[in-house]
Amino acid sequence: MSNARAYAHTNIALIKYWGKRGQDDAHRALNLPATGSLSLTLDRFGTETEVRLVDDGEDRASLDGVALSGKELGRIQTFLDLVRARAGRTERCVVESRNDVPTAAGLASSASGFAALAVAATTAFELKATDAELSALARQGSGSAARSIFAGFARMERGVLDDGSDAIAAPMSVADGFDVRLLVVRCAQGRKKTGSTVGMQRTTETSPFYDAWVQTHAADLDDATEALAAGDLNRVGETMEHSTLKMHASALAARPGLWYFAAPTVSVMSKVRDLREDDGVPCFFTMDAGPHVKVLCRPQDAPMLVKTLGTIDGVFGVEVAGPGPAPRVMSPGE
Ligand code: PMV
């Protein structure tokens, strides 16, 4: 095989990852998380990536038809070097990606991007990899990508090994019939100002709340894991809100403070709380390194929430996603 195309969906963390484990070069290259995380892979928003092998020249990459250069290209080349080293191959690659996710807007395009690249590149280089190996590989591109290797709910372990082989995600068991929707409420347009890697590093180095974030994290992960197994949406949602607020609190206390919210972000958070506390609607918010709010709810409440949240001043749109599938290799005709 010398060409392969794959599609991977994005995922949203219910229990967040924020901060990296080990600060020396070897650990940095492995991109090890300081905490575990727990996520939902979505049935929309994703990346399609084609990898073509060529005998000469340099690696080239494009995203939505625009050639990548500098740091963005470097990140992909470093990733391809990992796959080449494992496969014992030397060919260069032409990588073409198409995003169904607004790039760098806090909608985790790097999660689907590196998951799709991991699957397409290993397939093109005929490298046999288990899901656990793919998850570890995707993590080296982007921490959140390790979770997009799996369908539905996935739990990522922080791991303890120096080679990172146990810092991987795995599918989770949830109660029979447990179903949710995740609403993506767009609160701004354009690219975010501070990417997650820089944000995590600044929080680690300067926030007085960072240690507390790391130390209290495992309890949230276990709480959410138990709540999912029991099918207890209220407990999942409350733990999810706690995790995102704690992550943002640690980032806010960095120097200079990291403020990912836009004005409508705060309005949406308040509305979600009001709907829950005053009207009894089980809905819960979470935010990543960007201004958008993701709202977890029951399927039957999604249409009402789309209408209600969509009319908030400054909201650009609301999209509904459900639990989605694992990445797939696409056939040539697709
Ligand atoms: O792996 P990255 O660089 O996409 O970082 C993800 C960071 C958060 O989205 C804020 C949290 C998470 O666990 O996805």
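**Figure 1. Glu126 in the loop between H3 and H4.** Glu126 lies in the loop that runs between H3 and H4. Helices (H or I, at least four residues) and strands (E, at least two) are DSSP runs, numbered from the N terminus. The model is predicted, and local features need pLDDT of at least 70, side-chain atom pairs count only at pLDDT 80 or more, while totals for chains, interfaces and linings use all residues. Residues are numbered from 1 along each chain as its sequence is written, and side-chain values use heavy atoms, with hydrogens and water left out. Phi of Glu126 is near 55 degrees, a positive value in a residue other than glycine. Most residues other than glycine have a negative phi, and most peptide bonds are trans.

**Figure 2. Phe45 in strand E2.** Phe45 is placed in strand E2. Its phi is positive, about 70 degrees, although Phe45 is not a glycine. Phe45 counts as buried because its relative accessibility is 6%; buried means under 20% relative accessible area, exposed over 50%, and partly exposed in between (1.4 Å probe, protein chains only).

**Figure 3. The peptide bond between Arg255 and Pro256.** Arg255 and Pro256 are joined by a cis peptide bond, with omega about -10 degrees. Pro256 is found in the loop between helix H8 (233-252) and helix H9 (263-279).

**Figure 4. The surroundings of the ligand.** The ligand is surrounded by 14 residues, and the closest are Tyr17, Gly143, Ser144, Arg147 and Ser196. A residue is near a molecule or strand if one of its heavy atoms lies within 4 Å of it. By class, this shell has 6 nonpolar, 5 polar and 3 charged residues. Ala, Val, Leu, Ile, Met, Phe, Trp, Tyr, Cys and Pro count as nonpolar, Asp, Glu, Lys and Arg as charged, and the others, Gly among them, as polar. An oxygen atom of the ligand is 2.6 Å from an N or O atom in the side chain of Ser196. For the side chain of Ser142, an N or O atom is 3.1 Å from an oxygen atom of the ligand. At Tyr17 a polar backbone atom is 3.0 Å from an oxygen atom of the ligand. Taken alone the ligand exposes 370 Å², and the protein buries 93% of that. Accessible areas come from the Shrake-Rupley method with a 1.4 Å probe; for residues, only the protein chains shown count as cover.

**Figure 5. The largest nonpolar core.** The largest nonpolar core has 36 residues, of which Val51, Val95 and Leu117 touch the most other members. A nonpolar core is a set of buried Ala, Val, Leu, Ile, Met, Phe, Trp, Tyr and Cys residues joined through side-chain atoms within 4.5 Å. Elements that give two or more residues to this core include strand E1 (3-15), strand E2 (37-54), helix H3 (109-124) and helix H4 (131-141). H3 gives the most, with 9 residues. Apart from this core lies another, of 25 residues, among them Leu14, Leu42, Leu221 and Val236. In soluble globular proteins, nonpolar side chains tend to be buried together.

**Figure 6. Val95 and Thr49.** Leaving aside neighbours within four places in sequence, Val95 is in contact with residues including Thr49, Val51, Ile76, Leu80 and Leu117; contact means heavy atoms within 4.5 Å. Thr49 is found in strand E2 and counts as buried because its relative accessible area is 1%. The side chains of Thr49 and Ser97 make a polar contact at 2.8 Å. A polar contact is a pair of N or O atoms within 3.5 Å; within protein, one must be able to donate a hydrogen and the other to accept it, and residues adjacent in sequence count only if both atoms are side-chain atoms.

**Figure 7. His248 in helix H8.** His248 lies in helix H8 and is buried, because its relative accessibility is 2%. Not counting residues up to four places away in sequence, His248 touches Tyr260, Phe261, Met287 and Asp288. The side chain of His248 reaches the backbone oxygen of Met287 at 3.0 Å. Trp213 is 35 residues from His248 along the chain, and their C-alpha atoms are separated by 9.9 Å.

**Figure 8. Ala167 in a loop.** Ala167 is found in the loop between E6 and strand E7 (169-171). Ala167 counts as buried because its relative accessible area is 0%. Ala167 and Ser135 are 32 residues apart along the chain, with 8.6 Å between their C-alpha atoms.
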